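The sequence and the structure are shown below.

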Amino acid sequence: MNNLVRTFLCFILLLTAVPAADPPALQGFSPDSATSERAWESKFKSVPNPERMREYMQRLAARPHHVGTAYDKDNAEWILAKFKEWGLDARIETFDVLFPTPKERAVELLEPKRFTARLEEPAIALDPTSNQQAEQLPVYNAYSIDGDVTAPLVYVNYGVPDDYEQLDRLGVSVKGAIVIARYGASWRGIKPKVAAEHGAAGCIIYSDPREDGYYQGDVFPAGPWRSRDGAQRGSVMDMPLYPGDPLTPGVGASEGAKRLAISEAKTITRIPVLPISYGDAQPLLEALKGPVPPPNWRGALPFTYHVGPGPARVHLKVKSNWDTKRLYNVIARIPGQSESDIWILRGNHHDAWVNGAEDPVSGTIAEMEEARGLAELLKQGWKPKRTIVYCVWDGEEEGLLGSTEWAEQHADELRQHAAVYVNSDGNGRGYLQMSGSHSLEKFVNGVAKDIDDPEKDYPAWKRLRLDRIANASAEERDEIRKRSDIRMGALGSGSDYTVFLDHLGVASLDLGYGGEDGGGIYHSIYDDFYWYTHFADTDFRYGRALSQTIGTAVMRLADADLLPYDFTGFADTAAKYIDELEKLWKSKSDEIKERNQELEEGVYVAIADPKKTLVPPKAEEVPPFLNFAPLRNGLDKLRRSSEHYDKAVRQTALGAKSLDAVNRKLTQAERALTLPDGLPGRPWFRHQIYAPGMYTGYGVKTIPGVREAIDQKNWKQADEQIVRAGQVLENEARVIEDIAAELER
Ligand SMILES: [Zn+2]
């Protein structure tokens with residue numbers, strides 16, 4: 001082959017490898033007015049101002065502002081005043097929720113020697129807000145039940161179900177014991193939940209320096225990482241059951257709402273729990289004897305880790321004020337001009353555990369600058385087609401309280417009108433982090449291509465793509481290079497999008513920047529203005545980038561003739577999820593077969609050291625084959641209808657039609673992925689394609705009903721859930737098919 005021919009062939013190959021460019025409609029532009037839409041966007045992007053963001057942060061994080069404090073209310077009123085000053089129609093909506101705050105806390109080592117945990121984060125001279133002790137919420141886990149227990153201590157690693165299987169093999173029981181678990185591997189609320197299921201009497205959670213301290217880098221104030229006495233507050237409410245006010249599940253906690261008695265609330269822990277620093281944990285863990293656990297159980301404290309039980313005996317006491325506190329959500333509404341009954345929602349919380357400069361204020365200030373930017377455009381004559389709702393939530397930290405109560409209160413309207421909810425929660429320096437409903441993946445990719453990365457001279461999208469390549473396996477790299485869109489992760493729970501996506505079926509996004517500014521101040525008194533301006537997005541350029549990113553997304557969603565959903569990417573991702581489920585079943589099945597065979601061969605007897613305890617695992621029944629056909633059939637229909645829709649969008653002269661009816665139907669597409677009776681044992685969670693895991697908490701489970709049944713080896717339930725998930729994909733296919741037909745009419 002001569003060179004010319006080769007070059008020509010390469011050229012042809014290249015042409016076929018590059019996917020057809022997406023039409024403007026799939027990127028969120030109106031075919032006939034894309035130029036003016038872009039002009040408004042560039043006007044918007046010049047508004048967000050890093051200097052203003054610095055000022056907002058200094059003000060909002062000046063004092064502790066958790067739910068129920070004067071400064072929490074003051075911040076809400078200040079944000080409201082700003083919105084009004086900029087000309088927006090805004091108000092505060094309140095709810096009254098159960099919010100326990102600590103009255104008595106104790107962790108004491110009684111044997112083999114005495115030690116009393118400090119349970120306090122000391123003020124640091126360099127850090128001017130760290131000395132506001134009078135207003136700081138002490139180190140504790142909210143929604144721990146009251147309790148006073150004394151018992152032997154057992155170390156349970158991360159305290160997830162797998163760790164208890166390992167404990168069984170080590171011959172260690174936690175019945176009647178106090179367990180000590182390290183933060184990590186699961187959402188914190190899972191640790192006391194699983195401990196209680198195994199009969200423990202109390203639970204202590206600590207930050208190990210391996211994940212959250214000197215092992216990672218220099219500790220505060222020399223560096224950003226968690227110091228010896230730094231501790232992580234946080235909620236331990238059973239949020240995989242339902243988030244929000246424990247006393248008003250499923251309805252808004254308004255004045256007249258029917259409330260459960262505290263004793264009837266199902267999301268309060270069954271055993272007392274307290275978080276401690278590694279400074280406080282060290283004497284406790286050092287006093288343990290018993291087996292040395294496997295290497296993946298060992299943290300970075302300077303001694304050999306043991307599991308116990310004992311000889312360490314511990315006294316744990318938790319007592320709270322079980323008060324009702326008022327939430328202040330700030331809600332601003334920009335009415336739409338022609339499709340005002342379709343709503344684009346945007347939110348970030350304003351409450352914090354303490355001063356909360358990073359969590360959440362770094363996100364709140366980006367949201368505020370977006371609101372100011374949109375208000376500026378309105379003054380210059382910009383008229384969004386759809387209604388835009390800006391929400392600044394209260395009470396996120398304790399259990400997604402503000403967003404959940406508000407969305408439950410307005411559930412009927414939201415089901416009818418809400419098209420998309422865009423969330424953020426804290427922001428930092430680095431790469432764009434995006435997750436959400438897969439039908440919005442193509443749209444978000446388009447937005448990210450139009451945002452400049454503050455540290456490189458190219459778009460945030462390109463930087464993210466190159467970062468993905470740097471961190472991918474060979475197979476993944478190949479896909480990243482070929483695929484026109486960067487894949488977007490699914491959402492589980494963990495921030496204010498939860499009620500919108502999981503409960504109401506509103507397509508949602510969660511966006512933020514980060515990855516370069518590691519830190520260990522999460523939920524501590526040191527998450528403040530000093531820390532943020534020394535170790536995070538110190539010049540607020542990524543704050544501006546976040547404002548530009550989400551503001552641009554909101555404008556496109558509000559203005560495009562056709563709502564910019566794309567279902568081919570969703571079908572492609574759903575196929576991956578089904579493959580993963582089949583693999584999960586196969587690996588569980590193989591694992592059980594292999595273990596049964598090794599038991600028969602006497603492998604476990606042979607490897608048992610007679611001087612140590614290592615109990616052999618139990619033989620198990622080999623799983624039956626599961627019938628994945630209902631899911632595959634649903635997927636097949638989804639594929640065909642998504643391709644049909646894609647073709648309809650590409651081939652229809654959109655400018656010539658009224659798209660009101662199509663858009664109204666499009667808002668319902670994500671709704672079709674929900675079922676009214678929810679997941680097994682968790683009816684509040686209605687989304688059948690993604691949800692937080694029952695034993696991972698925030699960790700996403702995709703096709704969660706099936707996945708959890710396989711994890712729990714409940715094969716009958718797995719088959720039932722496959723049928724339900726298949727049904728949901730078919731429902732979705734029907735909705736999309738109907739919209740495609742409507743477009744072509
Ligand atoms: Zn947050």
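## A buried aspartate

Asp-646 is buried in this predicted model. Its relative accessible area is 15%, and because the limit for a buried residue is under 20%, Asp-646 falls in that class.

The residue belongs to helix 22, which covers residues 629–651. When residues up to four places away in sequence are not counted, Asp-646 touches Leu-26, Asp-566 and Thr-568.

## The zinc site

The zinc ion is coordinated by His-349 through NE2, by Asp-359 through OD, and by Asp-425 through two OD entries, at 2.0 to 2.5 Å. Angles among the four donor atoms run from 56 to 145 degrees, and the site is irregular.

The donor residues follow the spacing H-x9-D-x65-D in sequence. His-349 lies in strand 10 (residues 339–349) and Asp-359 in helix 10 (residues 357–379), so this pair ties together parts that are ten residues apart in sequence. His-349 and Asp-359 are both buried.

## The largest nonpolar core

In soluble globular proteins, nonpolar side chains tend to be buried together. The largest nonpolar core here has 212 residues. Those touching the most other members are Phe-83, Val-107, Ile-180, Ile-204, Leu-285 and Tyr-645. Helix 25 (residues 715–744) gives the most to this core, contributing eleven residues.

With neighbours within four places in sequence left aside, Ile-204 is in contact with several residues, including Val-107, Leu-153, Ile-178, Val-179, Ile-180 and Ala-181. Further contacts of Ile-204 include Leu-274, Ile-276, Leu-284, Val-314 and Leu-316.

Terms used. Residues numbered from 1 in each chain as written. Predicted model: local features only at pLDDT ≥ 70, side-chain atom pairs only at ≥ 80, totals over all residues. Heavy atoms only, no water. Donors = N, O, S within 2.8 Å, 3.2 Å for Na, K, Ca; no water. Tetrahedral: all angles 85-135°; square planar, octahedral: opposite > 155°, others 65-115°. Helix = DSSP H or I, 4+ residues; strand = E, 2+ residues; numbered from the N terminus. Buried < 20%, exposed > 50% of the residue type's maximum accessible area, 1.4 Å probe, protein only. Core = buried A, V, L, I, M, F, W, Y, C linked by side-chain atoms within 4.5 Å. Contact = heavy atoms within 4.5 Å.
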